[in-house]
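Work through the exercises below with the sequence and the model side by side, and try each task before reading its solution.

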Amino acid sequence: MKFNKFNANQIREINKGISLGLDVSVYENECFDYNQMREIRLGLKENLDVSIYAKPTFDSRDMKIIREALENGHDISKYVKEGFSSKELYWISKGLKEGLDISIYAKKNFDSYKMAEIFGALKSGLDLSEFDLDSLSEYQLQQIILGLRAGIDVQSYAYPSNDNMFEDRVKLVRECVGNALASGENVTQQQLNIICHYKNDGLDTTSWENYKFDRDRLEQIVKGLEDGVNVDIFAKPKFTKEQMYEIRHGLIENCDVSIYADTNFDAEQMCEIRKGLRIGLDVSSYAKPVFDRHQMYEIRKALKEGDDVSILANSEFDFTQMRQIRKGLSDGVNVSIYAKPEFSSNKMYYIYKGLSEGFDMKKYLDFDEEQLKRIVAGLFEALEICKKRYGIQE
């Protein structure tokens with residue numbers, strides 16, 4: 001094998017093929033650059049019929065598109081032979097992967113931009129069978145698709161000779177929104193403009209356009225629409241923008257948001273519940289309005305560590321008391337000794353410290369926290385003296 005006719009990158013691709021036991025003779029040719037060699041090597045590795053694209057006339061981008069289509073079980077050699085460009089082959093391959101009827105747009109008289117518009121419409125489940133796609137320009141097709149997504153009657157402007165489709169569509173959208181709002185609360189012109197803006201972009205606003213939302217809450221609703229979640233769950237005037245945020249993110253994370261999509265919880269409480277649901281915890285022990293976010297945090301942390309929170313999840317404890325109980329649960333000490341609402345968090349701390357070293361703290365429970373501090377310090381000092389006396393190493 002003569003490597004002097006290849007550059008370092010080509011040699012590297014040939015050597016990679018040899019090390020994998022591939023037939024590198026397929027691409028061991030100086031007419032292929034190293035990127036083309038790589039695509040052929042990857043195809044050989046997957047036992048694909050690389051003869052379909054292992055030709056110098058295809059650049060590496062064409063090769064990649066054909067290779068990925070073959071990997072997905074789709075032979076697009078027919079479209080390759082018909083001379084579709086790499087960008088057009090991309091949308092054909094993508095449509096096949098999505099299981100769409102690509103015959104609708106895999107046509108030589110359609111460029112990649114028009115193909116992309118039709119692909120997006122088909123993937124969204126829109127029916128384009130009523131329209132003369134061959135006669136419509138890319139711009140006109142875009143206006144029809146946006147109108148369909150906005151839920152307006154596009155038939156009034158969807159004819160090839162109409163050069164004012166954009167203006168007609170926007171007018172219909174504003175009329176549609178205006179009529180819907182007429183039966184609801186009054187909104188400002190700014191809010192009307194925002195709703196029209198998003199409806200013009202093809203978003204379905206019917207679930208929330210009758211409400212008087214401010215800009216911040218509208219933003220959460222629109223983000224929910226863009227995320228593809230059910231905005232009806234939180235697109236309600238009773239929720240603040242922060243609450244909407246927590247419910248929206250819960251939906252994105254596939255959480256059962258019905259547990260906390262309730263105005264009895266503030267946004268911070270919702271956040272703690274969401275964090276528990278996100279990692280699969282049984283949040284029923286703390287998803288209660290009686291706990292503030294700090295208390296919820298302590299219970300959630302204990303649950304995450306696999307501890308029994310039956311003692312901890314008591315609203316009579318503030319979060320600083322809960323923290324000392326949680327530490328005890330984590331260390332495996334008998335927290336029932338000090339898990340008493342009448343004990344301050346400082347008193348709990350000193351009892352916990354003593355228990356963690358194996359001291360019998362039951363006989364010291366009647367002392368106040370300052371006395372306990374001295375007692376525990378004395379116990380630890382005596383322990384150190386004993387360790388030194390008997391040569392006990394940690």
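On a 1 Å grid over the protein atoms alone, a pocket is an open set of points with protein on both sides within 12 Å along at least five of seven lines, where a 1.4 Å probe fits, and its lining residues have an atom within 4 Å of a point. The model is predicted, so local features need pLDDT of at least 70 and side-chain atom pairs 80 or more, while totals for chains, interfaces and linings use all residues. Residues are numbered from 1 along each chain as its sequence is written, and side-chain values use heavy atoms, with hydrogens and water left out.

**Exercise 1.** Determine which residues line the largest pocket and which helix gives the most to its lining.

*Solution.* Begin with the lining itself, which consists of I65, E68, N72, Y90, S93, K94, K97 and E98. Next, assign helices (DSSP runs of H or I, at least four residues, numbered from the N terminus): α3 (60-71) and α5 (86-98) each supply at least two lining residues, and α5 gives the most, with five. Finally, sort by class: two residues are nonpolar, two are polar and four are charged, where Asp, Glu, Lys and Arg count as charged, Ala, Val, Leu, Ile, Met, Phe, Trp, Tyr, Cys and Pro as nonpolar, and the others as polar.
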